[in-house]
Amino acid sequence: QIDLLKNGFYEFSSNFSTSKRKEGHKKSVKSALQNAKAEAELYAGLAMEENGVGQVRAFLDQFAREQTDFPLSFSRERKFTIATGTLAAPVFEQHILPSLNSITNLQVACVPVKNTLLGDPVTVAGLLSGVDFIAALKGREAGEAIWTTDRILNDGDNITLDDMALDDISKAIGTPFNTTS
């Protein structure tokens, strides 16, 4: 999902300021990295990210390292939406959006998507269906694009659990719907 952020800035937009980060921001990033390292030590080297253990921690660590590469500003207003399962949405809202929305002319929203196919107890993004995304996003002002994890796609098929292609979802919600690893 870090690719979402980097690609969301670098591929999604070609017009942004590339000036260096202010010294105060560098200090806050350094502080965030120190906090992330201290929190990561609580995981005692758990490497089961594929099955979810430590996955959020690894994502937050990677975000903390790579946010220094994000632009300070865009030359015009940009807006996009991150859609994810209800489990990860609070992580984005608390740890990711404040940093992204501090970039001048950028507005990023996070939409928690409920799992209607498998039921409310299933809260992870990887088990969301195309219909789930459509239900959560249709009629919503989402900006230029909506981004989610590629874990919603069946291996190699580029379709969701309910056999929907990304283009089908995009057409149904009226906004480009993209995935990233």
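Modeller: Start with T84. Its relative accessibility is 1%. Buried means under 20%, so T84 counts as buried. Keep in mind that this is a predicted model.

Colleague: Where does T84 lie, and which residues is T84 in contact with?

Modeller: T84 lies in strand β2, residues 73-85. Leaving aside neighbours within four places in sequence, T84 contacts A89, F92, C110, V111, P112, V113, A125, L128 and T148.

Colleague: What makes L97 count as buried?

Modeller: The value for L97 is 10% relative accessibility. The cut-off is under 20%, so L97 counts as buried. L97 is placed in helix α4. Not counting residues up to four places away in sequence, L97 touches I82, F92, V108, A109 and C110.

Colleague: How far apart are L97 and Q107?

Modeller: In sequence, 10 residues; in space, 8.7 Å, C-alpha to C-alpha.

Colleague: Why is α3 called roughly parallel to α4?

Modeller: Two packed helices are described by the angle between their axes and the distance between the axes. Helix α3 (residues 55-66) and helix α4 (residues 89-100) pack at about 10°, with axes 12 Å apart. Angles under 35 degrees count as roughly parallel, so α3 is roughly parallel to α4.

Colleague: Which residues make that contact?

Modeller: From α3, the contact uses V56, F59, L60 and F63. From α4, V91, F92, H95, I96, S99 and L100 take part. By class, the residues of the contact of α3 with α4 are eight nonpolar, two polar and no charged.

Colleague: How do you know that helix α5 is mostly covered?

Modeller: By counting. Helix α5 spans residues 130-137, and six of its eight residues are buried. The buried ones are G130, D132, F133, I134, A136 and L137. Their cover includes β2, β3 (104-113), β4 (145-149), α6 (166-173) and β5 (177-180). Just after α5, G139 takes a positive phi of about 85°.

Colleague: What makes the phi of N105 worth a remark?

Modeller: Most residues other than glycine have a negative phi. The phi of N105 is near 70°, a positive value in a residue other than glycine. N105 lies in strand β3.

Colleague: Why does N105 count as partly exposed?

Modeller: Buried is under 20%, exposed is over 50%, and partly exposed is in between. N105 has 31% relative accessibility, so it counts as partly exposed.

Colleague: And D163: buried or exposed?

Modeller: Exposed. The relative accessible area of D163 is 57%, and the cut-off is over 50%. D163 lies in the loop between β4 and α6. Its phi is positive too, about 65°, although D163 is not a glycine.

Colleague: How many helices and strands does the chain have?

Modeller: Six helices and five strands. Along the sequence the pattern is α-β-α-α-β-α-β-α-β-α-β. The chain has 181 residues, of which 41% count as buried. Among contacts between residues at least 6 apart in sequence, 76% join residues at least 24 apart.

Colleague: Where is the pLDDT below 50?

Modeller: Over residues 1-26. That stretch has 70 contacts in the model beyond near neighbours in sequence. Where pLDDT is low, the predicted coordinates should not be read in detail. The chain averages a pLDDT of 80, and 71% of the residues score at least 70.

Technical notes. Residues numbered from 1 in each chain as written. Predicted model: local features only at pLDDT ≥ 70, side-chain atom pairs only at ≥ 80, totals over all residues. Heavy atoms only, no water. Helix = DSSP H or I, 4+ residues; strand = E, 2+ residues; numbered from the N terminus. Buried < 20%, exposed > 50% of the residue type's maximum accessible area, 1.4 Å probe, protein only. Contact = heavy atoms within 4.5 Å. Axes fitted to C-alpha atoms, helices over the stretch in contact; angles between N-to-C directions. Parallel < 35°, antiparallel > 145°, perpendicular 65-115°, else oblique. Nonpolar A, V, L, I, M, F, W, Y, C, P; charged D, E, K, R; others polar. pLDDT = per-residue confidence, 0-100.
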